[in-house]
Amino acid sequence: MEEQLSTKNTTPPVSVPAVPSHRHKYEFFKVVQGYLDEAARLIEVPGYITTILSQPKNEIIVNFPVRMDDGSIRLFKGYRIQHNNLLGPFKGGIRYHETVSLDDLKALAAMMTWKCALMNLPLGGGKGGIKFNPNEVSRAELQRITRRFFHALGGNIGPETDIPAPDMGTDAKTMAWAMDTYMNTVGQLFKQAVKGVVTGKPVASGGTYGREKATGQGVVHCITEWAEDNDVNLGGATLLVQGFGNVGSNTAVLLSKLGASTVAVGDHTGYLYNPEGFNPHKLQDYVKKNRSIAGYPAGKPISREEFFRLKADIFIPAALENQVGVEEAGWLQVRLVAEGANGPCTPEGEKILLERGIHILPDILANSGGVTVSYYEWVQNKRSETWTLEEVDSRLEKAMKRAYREVTEMARQKKCTLRLAAYAVALQRLAAVYGEREIFP
Ligand SMILES: NC(=O)C1=CN([C@@H]2O[C@H](COP(=O)(O)OP(=O)(O)OC[C@H]3O[C@@H](n4cnc5c(N)ncnc54)[C@H](OP(=O)(O)O)[C@@H]3O)[C@@H](O)[C@H]2O)C=CC1
Ligand SMILES: O=C(O)CCC(=O)C(=O)O
């Protein structure tokens, strides 16, 4: 039992580098474009389509000053990348993290285009963020940074233009501040009902039931389908979870209801191991209160390498991109990597995993439950409706299972990886619309 293992961990929080320092600079946008080009060759898409999709439509950069608690003024740089809006308004999260960069956000915005197309949503792709560490500012500073950022973005976003949502370092509260700022600036000018300007809001402020757990729920639907296809019993399965925020913790909690057990977890402060299995509810509550897993009593501190070398059934990366490179792919002893995070495996890492017979559920499929339920929230805001949790859950389940089947069928037909198959399904949808519009007569 977890409680019996309670060796008190008094280790102070240590910052664990996201990737070992000898690793090359990771060109995330190039990597994502590489997948698109490969998928385009696979399904023979006309060259002009990949040319259009090779860069974002708009790259918005704003510099804005914020008064900090000590009275000083600090200048922040914020981004909103609008990749593509062929299928509908730009859509995607806002990331607050010290690693935020233009290149990464371009990659993440492009991935939103593929994700929305794959899920057959009438939405395009976007992503934004600010480069700073949200754990190092007070709550009042966080609110002022958010309000200044959304004020600076002004009319570049809107319920029919570009709809942000939470991503790393942001949550429902951030979205409530964002909506309020927009309502009192741009919304005032147009006298519009503007709840739909952001999704992932608190339920009382126009959010939807089920959004908070949606990404984790989607990961779990994909894992369940994979388990069925591969005759794996999830009861008693063991999990390694990297990142215990929204995606990691909800995935662990939902899988525990199917009998799976989380034996190791990690975040930027370090990694913890508990062979008996953590209680994911308690750990989730602890992280909500303490902002990290550091000091959680029911686990033994281990190194990042020890974490990756543990024998388990499923690895769920739910933190940053570029986590599974050549080294980690050689270390992992699991049957499945289910990508809760965006871009956690490098192409070289993926190749090694597949050669070693480790399956991968790719990000744009596995973590698409979040944006799918964001879409449900946006529809409810448009129609002034409130759907029950059961309705949201049941729609999400159908949508995830349909997407999983489409991707596995494409992979079978084209004899390709699930990642390329997911890109191919998405690209096929976009190509059909470009074709119908005959934009270059
Ligand atoms: N939220 C959503 O709906 C969706 C999120 N995603 C993706 O899922 C991933 C996680 O997002 P989300 O759960 O929302 O973010 P959260 O901010 O809620 O959680 C992120 C987690 O990652 C950890 N982390 C940060 N840096 C490191 C590091 N260097 N090494 C190990 N762990 C680290 C954080 O730890 P700490 O707090 O200690 O920094 C935290 O536990 C991201 O890739 C995001 O793009 C994808 C689809 C939708
Ligand atoms: O819910 C959304 O709109 C965005 C989710 C997101 O940022 C992602 O899927 O990476």
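Domain bounds here come from an automatic or database domain assignment. Welcome to a predicted model, in which local features need pLDDT of at least 70, side-chain atom pairs count only at pLDDT 80 or more, and totals for chains, interfaces and linings use all residues. Residues are numbered from 1 along each chain as its sequence is written, while chains are lettered from A and ligands numbered from 1 in the order in which they are written.

Start by selecting ligand 1. Domain 1 (3-17 + 215-366) and domain 2 (55-196) both contribute to its shell, so ligand 1 lies between them. The shell holds 27 residues, and Gly-243, Gly-245, Asp-267, Ala-319 and Gly-370 come nearest (a residue is near if its C-beta atom, placed from the backbone, lies within 6 Å).

Next, colour helix H8 (246-256) and strand E7 (261-267), each of which supplies at least two shell residues. Helices (H or I, at least four residues) and strands (E, at least two) are DSSP runs numbered from the N terminus. With three residues, H8 gives the largest share of the shell.

Now move to strand E4 (residues 125-131). Six of its seven residues are buried (20 or more other C-beta atoms within 10 Å of their own, all placed from the backbone), so E4 is largely enclosed by the rest of the structure.

Select its partners too; strands pair if DSSP finds at least two bridges between them. Strand E2 (residues 73-84) runs antiparallel to E4 over six bridges, with Ile-81 opposite Lys-127 of E4. Strand E3 (residues 90-97) pairs with E4 in the parallel sense over four bridges, and Tyr-96 has Ile-130 in E4 as its bridge partner.

Notes: A residue is buried if 20 or more other C-beta atoms lie within 10 Å of its own, exposed if 12 or fewer, and partly exposed in between; C-beta atoms are placed from the backbone.
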